[in-house]
Amino acid sequence: MKSRAQSFTSPTRRTFLQSSSAAFAAAGVGGIGSFIASPVFASEYAPGMTGGPTGFEGAERFQYNNTMSEGRAIEGIKALQAAGNAPTKISMLLTDGAIGQITKPFPEGGPSAKEVWERETGITIDIIGAPAEDIFKKVMQDVTTGGGTFDIYTGPWNSTGDLVSSGGAVNCSDFVAKYQPDWGDPERGTTTPENEKLLYTYAGDYYSFSLDGDYQTWFYLKGLYEDPRVQDAFLTETGIELKTPDTWEDVDRISKFFTGKDFGNGPMYGNGNLMSPFWGLATFYARFASMDFPNFFFFNEDGSPNLNSELGLQCAEEHVRSFEWSPPDALTFTWAEAYATMWNLQIPHTAIYTNLVKFGDGFNPDGTPKSKATGMIGSHLPVGRRFGDQINRRSVLYYSITAWISSQSKHPEAVYLFLQWLSSTRTYTWMAGNPGGYFDPFQQSNFKEPLVAQSYQPYSMETIPATIARSVPSINFAGQTALDNALDEELQAAITGQKSVRDAMDAAQGKWEKIIKRQARNGIVEAIQASRATWPTLVDPA
C-alpha cells in the first residue's frame with residue numbers, strides 16, 4: 001500500500017466552469033453561454049477589408065475581404081440568401097466550456113464572434129451546451145433516433161470515424177473545393193499538409209472542422225525546479241541534476257522524487273499526468289508511441305494490435321507503476337481537477353491540455369493572481385526514449401473539439417459556410433486569444449498573435465507548435481469508441497489491482513482483435529494503414 005500525503009480539495013468540472021464564468025463577470029463580460037451586446041461596430045474597416053471584428057486596437061488583423069477564407073464564406077451565404085436557400089437560424093451542439101469563445105465579446109471594446117457573424121449575415125446561431133465527456137452520446141442519440149435537433153455536432157476529434165460510419169456527418173469535399181478554406185495555408189494554416197489531412201479529413205474526404213488544439217503539452221513548475229533547495233535535494237537523492245525531462249525514465253524519476261516532499265506548500269505528488277478513465281488514455285497513448293524508434297504503433301499494418309507485445313507490456317507496467325506517485329483522487333480526475341493540482345503547487349509537472357496556463361497563469365482583471373502557480377510555470381518539449389544518440393519525443397492528439405455537419409441538416413451548404421468562417425485562420429486566431437473557453441491554438445497564425453500569447457503565455461508560443469510536430473494521432477477511425485473503452489477498462493483494472501498487467505493487456509488485446517474483426521467491413525484495416533502515414537518521423541539529438 002503506497003503512502004499518501006495529505007489530501008487536498010480540488011474543484012469539480014462544474015465549479016471550475018462556474019468560477020471561470022465569475023471571473024469574466026467581474027471583468028464585465030458575462031458568463032459562459034451568455035450573449036451580451038458589445039459596443040456599436042465601427043463603420044469603417046481597414047483599407048480593403050469588408051468584414052470582421054471592429055472596436056479594438058489591432059482588430060484589422062482579424063478582418064477580411066472576399067479574397068480571404070472568411071470573406072468567401074460570407075459571400076457564399078449572401079448568394080444562398082439571394083437564391084432563397086439559407087436558413088434564419090443554425091443550431092449547434094457544443095462542448096459547454098467552449099461556448100464563451102463564440103459568445104463573449106473580446107477584447108475590451110470588441111464584439112463577440114457570434115455578434116460579428118449575425119451582423120454580417122442575419123443568421124442566428126443557437127448554441128446548446130453539453131459536457132465534454134457526454135457530448136458524443138448526445139450526437140449519436142440524435143443520429144440514431146433521426147431527431148434532427150442540430151445542424152452542427154461537436155465532440156472529440158477521435159469520434160470522427162464512428163460518426164462517419166454511422167452516416168451522421170456530411171461529406172464536405174465539394175464545399176471545400178468550391179469555397180477554398182485556408183486551413184492548409186502554408187503560412188497561416190496547419191503546421192504541415194499532413195496535419196491538415198489529419199484534422200479535417202477522414203478516408204480521403206473532408207468531414208471535420210477543427211476547433212481545438214488538444215496536443216498534450218508538457219508544463220512544469222519552473223520556479224520549483226530552479227529552487228536551490230530542490231536542486232540540492234534532488235542531486236543528493238538521485239545523483240543527477242534536476243532539469244526538465246527528456247525521457248519517460250526521467251519523468252518517472254522526477255515523479256518518484258517529489259512524491260511526499262514538502263518544499264513549503266504542503267506535501268506533493270510527483271505524477272501530475274491524467275490517469276483516470278477516459279482522460280488517462282492520452283497519457284498511456286503518448287508513452288506507448290515512444291516505445292520503439294521512431295514510433296511504436298498501436299496496430300501493425302495488418303491491423304493486429306500491439307497491446308500485449310513485449311513493448312506493449314513494458315509500457316503498461318510503467319504506466320501502472322506511475323500511479324504510485326499520483327494524487328489520491330487521481331482516478332476521479334477530469335482535466336479540471338488535474339489543473340488544480342498544478343495551480344495549488346501540488347505536482348511538479350504534467351502533460352495536458354494547453355489551456356492549463358490560460359486559466360491558471362497570469363492575473364485576473366482585478367490584478368490578483370489566477371493561481372498560486374502564477375509566474376512559476378514553464379513548458380518543455382515532449383518526452384520519449386533514447387535510441388543511441390537520438391530521442392523520439394512523442395506526444396498525442398487526444399479529444400480536440402471538432403465540428404461536423406449533421407446529415408439531417410436541411411441547409412448543409414449554409415452550415416458549412418458558417419463553419420468555414422468560424423474555423424478560418426483570422427476568425428479562429430481571434431477566438432483562440434479569448435480566455436472565455438477551451439478552443440486552444442494550433443494554426444501557425446495563432447502562434448504569431450499577441451492576443452494568443454497573452455492568454456497562453458509567451459513560453460508556450462514555441463513549445464505548442466513543437467509539440468504538434470512531434471504528436472501522434474490517437475484512434476479516430478470507425479470502432480474508436482469500442483477500442484478506447486475496451487483498453488480503458490483493462491488499464492483501470494490493472495491500476496486498481498484487480499488484474500495483473502499481463503492479464504489486463506491480454507484481455508485488451510483480445511477485445512481489440514474482436515472489434516477489428518467486426519469493423520472489417522467498415523474499412524478499419526485500411527484506416528489503420530492510412531493513419532500510420534500521419535505519424536511524425538521527427539526525432540531529436542540526445
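Student: Let's start with helix α2. Which residues of α2 are buried?
Tutor: Ser 69, Glu 70, Gly 71, Ala 73, Ile 74, Gly 76, Ile 77 and Leu 80. Buried means under 20% relative accessible area, with a 1.4 Å probe and protein chains only. Helices are DSSP runs of H or I, at least four residues, numbered from the N terminus.
Student: And how is the model made and numbered?
Tutor: The model is predicted: local features need pLDDT of at least 70, side-chain atom pairs count only at pLDDT 80 or more, and totals for chains, interfaces and linings use all residues. Residues are numbered from 1 along each chain as its sequence is written, and side-chain values use heavy atoms, with hydrogens and water left out.
Student: What do the buried residues of α2 pack against?
Tutor: They pack against α4 (113-121), α7 (173-179), α16 (412-423) and α17 (425-433). Contact here means heavy atoms within 4.5 Å.
Student: How many residues does α2 have, and how far does it reach?
Tutor: Helix α2 covers residues 69-82, which is 14 residues. From first C-alpha to last it reaches 20 Å, close to the 20 Å expected at 1.5 Å a residue. The expected span is 1.5 Å times one less than the number of residues.
Student: What comes just after α2?
Tutor: Gly 84, with a positive phi of about 75°.
Student: New topic. How many cavities are there?
Tutor: Four of 30 Å³ or more. On a 1 Å grid over the protein atoms alone, a cavity is a set of points where a 1.4 Å probe fits but cannot get out. Points are joined across faces, edges and corners, and a volume is the space filled by probe spheres set on them.
Student: What's the volume of the largest cavity, and which residues lie nearest its centre?
Tutor: The largest cavity holds about 130 Å³. Its lining has 13 residues, with Asp 214, Trp 335, Tyr 353, Asn 355 and Tyr 438 nearest the centre. Lining residues have an atom within 4 Å of a point.
Student: What about the second largest cavity?
Tutor: That one has a volume of about 100 Å³. Its lining includes Phe 297, Phe 298, Phe 299 and Trp 535. Helix α22 (residues 524-532) gives the largest share, three residues.

Key: 1 Å grid on protein atoms, 1.4 Å probe; cavity = no way out; pocket = protein on both sides within 12 Å on 5 of 7 lines; lining within 4 Å. Helix = DSSP H or I, 4+ residues; strand = E, 2+ residues; numbered from the N terminus. Buried < 20%, exposed > 50% of the residue type's maximum accessible area, 1.4 Å probe, protein only.
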